[in-house]
Amino acid sequence: MATTATKLWRECRDYVMITIAMLSYCIGWSVFLLPNTITTGGVAGISSILEWSPLHIPAQVSYFFINACLLLVALKILGWKFCVKTIYAVTVLTTSLALIRDWALSLHLLHDEPFMAAIIGSVFCGSGVGLGLAFRGSTGGTDIVASIINKYRDISLGRIILICDVVIITSSYFVLKDWERVIYGYVVLYVTAFCIDQVVNSMRRSVQFFIISDHYEEIGRRINEHHRGCTMIDAHGFYSGKEVKMLFVLAKRRESAKIFEIINDADPSAFVSQSAVIGVYGEGFDRFKVKHRTPKPIQ
């Protein structure tokens, strides 16, 4: 029962955070980038170009239909599990864009400062994408294309997405006829990628402790009571020649203060080493992300 409740809580949390992520992306795209004719990568970039073209197709309309077509293909190739949260994210972003688009156009923010508009817009977009990815969501678009190609060809996801985004941003010149706006698009691409990395890595950041103390049993017991495991290692002090017990602890960064409090209460003279780690996988931390490839038949 507890396991089911935990899974339900995680799913609800994921959908709430994906909603916040898509609202952030919507603000960056509709308030700062679209009104200042600055393009971005992915399907959002294609939708922007279609809106500025003589066709004048609203960005939210083309964004939804392009992603719908890609998702239909992805459902067949990649399966329902990959697509369900992406479908939700695309729906939230399309709806929010349709609702605030007229309001965003009336703001005219940074109309004479396109570089600042590019920076601020890409921070909102990158933070939104990073937050969505951290909670197993996606804005769709080139992510879907990259996942499909990666399933059949040994090409990294990052390289496929980068190639797609560069082609989309460069092609905006044929509509805007302004290389300066294209360069702003490249700035958006770089800042967005930087923000995605920062947000995703910060969500996974953990710390590790090595603790040497004569009161190791009390420290270990209290850390266990705090719902964190610890490993006891037999060690030998080279200088003192004494046999010592060393505790090895992995925890979330936000739990550091509590662990230091536990150590200080039990043994203020304990020797403690703390260091930051990225990517801790297993019980109580992140899940393994392993792609199972179908072996190619030998010709």
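**Ground rules.** I number residues from 1 along each chain as its sequence is written, and my side-chain values use heavy atoms, with hydrogens and water left out. Since the model is predicted, local features need pLDDT of at least 70 and side-chain atom pairs count only at pLDDT 80 or more, while totals for chains, interfaces and linings use all residues.

**Helix H3.** H3 has 19 residues and reaches 27 Å from its first C-alpha to its last, close to the 27 Å expected at 1.5 Å a residue; the expected span is 1.5 Å times one less than the number of residues.

Next I looked up which H3 residues are buried (under 20% relative accessible area; exposed is over 50%, partly exposed in between, with a 1.4 Å probe and protein chains only). I found Ala59, Gln60, Ser62, Tyr63, Asn67, Leu70, Leu71 and Ala74. They sit on the same side of H3 because they cover an arc of only 160° around the axis, taking the directions from the axis to the C-beta atoms. On the face turned away from that side I noted exposed Phe65, Leu72 and Lys76.

**Cores.** I then checked the nonpolar cores (sets of buried Ala, Val, Leu, Ile, Met, Phe, Trp, Tyr and Cys joined through side-chain atoms within 4.5 Å). The largest has 35 residues, and Tyr63 is among those with the most contacts inside it, along with Met22, Tyr25, Trp29, Leu33, Ile38 and Leu93. Helix H1 (2-33) is one of the elements giving two or more residues to this core, and H1 gives the most, with 7.

What does Tyr63 touch? Leaving out residues up to four places away in sequence, I got Trp29, Val43, Ala44, Ser47, Val90, Leu93, Thr94 and Thr139, with contact meaning heavy atoms within 4.5 Å. A second, separate core of 13 residues includes Phe209, Ile211, Ile263 and Ala270.

**Helix H11.** Ile263 turned up again among the buried residues of H11 (residues 256-266), with Ser256, Ile259, Ile262 and Ala266. Their arc is only 125° around the axis, which puts them on the same side of H11.

**Thr86.** I found Thr86 in helix H4. Buried or exposed? Thr86 is buried, with a relative accessible area of 2%. Not counting residues up to four places away in sequence, Thr86 touches Leu71, Ser138, Gly140 and Ile144.

Definitions and conventions:
Helices (H or I, at least four residues) and strands (E, at least two) are DSSP runs, numbered from the N terminus.
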